[in-house]
Amino acid sequence: MNRLLELPPEKLTPEQTQVFNRLVAGRGRILGPYKIWIHSPVVADGMEHIGTFLNKKGSLSKREVEIGILVIAQHWNADYVRQAHIREGKAAGLTQETIDAILAGRDPKLTDPHERAVHRFAAALVSGMKLSDAEFGEIEQVIGRAGVAEVLVLLGYYTSVALGMKVHEVPIPQQPA
C-alpha cells in the first residue's frame, strides 16, 4: 500500500494551490513532510511558517537547530530525518564524531555552553526525563526563555516530520555518488 498520497498540482484545491505555490517559491520544491501536510492546507501553511522561523529567524544557531533535530532522529529512529540532517549537521560545522554521539544517544562532549544546553534540554525532553528546577534554571540561564520556547517548538516540529515520514513510509532519497 502506498501511504503517501501525492497530489498533482491540477488536483489541488484553491487553498492547497496557494500553499503549494508559496512552498515552491520559497523552497524550490515540495519536501517530503509537505506532501503529507498539504492535504490540510492550513496545517501545511502553519508548519511552513514554523519551519522557516526555526531554520532562518530564531535565536538558535544552525548548529543548535541541527543538534536538536539529530536528537529527534535518534529518539524516533527516523532514517529519513537522520540522513538529511547528518548532511545538514556537517554543513553547519558539526563533526562526524559529534553527530555519531548524538545519534547513539551518548554525550557529544560539546564545548560551547549554548550548544551543550540545547542538547541537554532536547535529550532530556525526548527521553521523558523530568528536569529538576535547578536543571531547568541552568538551561534557562544559558539559552534564555526564548531559547527554551524555540527548543520546545523545534522538537515538536521535527517530531511531526519524523513521525509523518515514518507513518507514510516515505522512501529515503538516494544521494548522488
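**Entry 1: ground rules**

I am working with a predicted model, where local features need pLDDT of at least 70, side-chain atom pairs count only at pLDDT 80 or more, and totals for chains, interfaces and linings use all residues. I number residues from 1 along each chain as its sequence is written, and my side-chain values use heavy atoms, with hydrogens and water left out.

**Entry 2: the largest pocket**

I began with empty space. Rolling a probe the size of a water molecule over the atoms shows where such space is left. My search ran on a 1 Å grid over the protein atoms alone: a pocket is an open set of points where a 1.4 Å probe fits, with protein on both sides within 12 Å along at least five of seven lines, and lining residues have an atom within 4 Å of a point. Grid points are joined across faces, edges and corners, and the volume is the space filled by probe spheres set on the points.

The largest pocket came out at about 810 Å³. It is lined by 33 residues, and the closest to its centre are Arg 27, Arg 29, Leu 31, Ala 84 and His 85.

Which helix gives the largest share of that lining? I found that helix 5 does, with seven residues. Helices here are DSSP runs (H or I, at least four residues), numbered from the N terminus. At least two lining residues each come from helix 1 (14–27), helix 2 (32–37), helix 3 (41–57), helix 4 (62–76), helix 5 (79–91) and helix 8 (133–167).

I sorted the lining by class and got 15 nonpolar, eight polar and ten charged residues. For that sort, Ala, Val, Leu, Ile, Met, Phe, Trp, Tyr, Cys and Pro are nonpolar, Asp, Glu, Lys and Arg are charged, and the others, Gly among them, are polar.

**Entry 3: Glu 48**

Is Glu 48 buried or exposed? This helix 3 residue is buried, at 15% relative accessible area. My cut-offs are under 20% for buried, over 50% for exposed and partly exposed in between (1.4 Å probe, protein chains only). Leaving out residues up to four places away in sequence, Glu 48 touches Leu 23, Arg 27 and Tyr 34; a contact means heavy atoms within 4.5 Å.

**Entry 4: aromatic pairs**

I counted four aromatic pairs in the structure. Tyr 34 and Trp 37 form an edge-to-face pair, because their ring centres are 5.0 Å apart and their planes stand at 90°. I took rings of Phe, Tyr and Trp (its six-membered ring) as paired if their centres lie within 6.5 Å, with planes under 30 degrees apart stacked, over 60 edge-to-face and the rest tilted.

Tyr 34 and Trp 37 are three residues apart in helix 2, so about one helical turn separates them. Both are buried, Tyr 34 at 1% and Trp 37 at 8% relative accessibility.

Phe 121 and Phe 136 are also edge-to-face, with centres 6.4 Å apart and planes at 70°. Phe 121 sits in helix 7 (residues 113–127) and Phe 136 in helix 8, so this pair ties together parts 15 residues apart in sequence. Phe 121 is buried at 2%, whereas Phe 136 is partly exposed at 24%.

I also noted a cluster in which ring pairs link Tyr 34, Trp 37, Tyr 157 and Tyr 158.

**Entry 5: the largest nonpolar core**

In soluble globular proteins, nonpolar side chains tend to be buried together. I defined a core as a set of buried Ala, Val, Leu, Ile, Met, Phe, Trp, Tyr and Cys residues joined through side-chain atoms within 4.5 Å.

The largest one has 47 residues, of which Trp 37, Ile 143, Val 151 and Tyr 157 touch the most other members. Helix 8 gives the most to this core, with eleven residues. Beyond four places in sequence, Val 151 touches Leu 60, Val 118, Phe 121, Ala 122 and Ile 143.

**Entry 6: helix 6**

Helix 6 (residues 96–103) has Thr 98, Ile 99, Ala 101, Ile 102 and Leu 103 as its buried residues. These pack against helix 4, helix 5 and helix 7. Glu 97, also in helix 6, is exposed at 65%. After the helix comes Gly 105, with a positive phi near 75°.

**Entry 7: positive phi**

Most residues other than glycine have a negative phi. Lys 109 has a positive one, near 55°; it lies in the loop between helix 6 and helix 7 and is exposed at 63%. Glu 169, in the segment after helix 8, has a positive phi near 50°.
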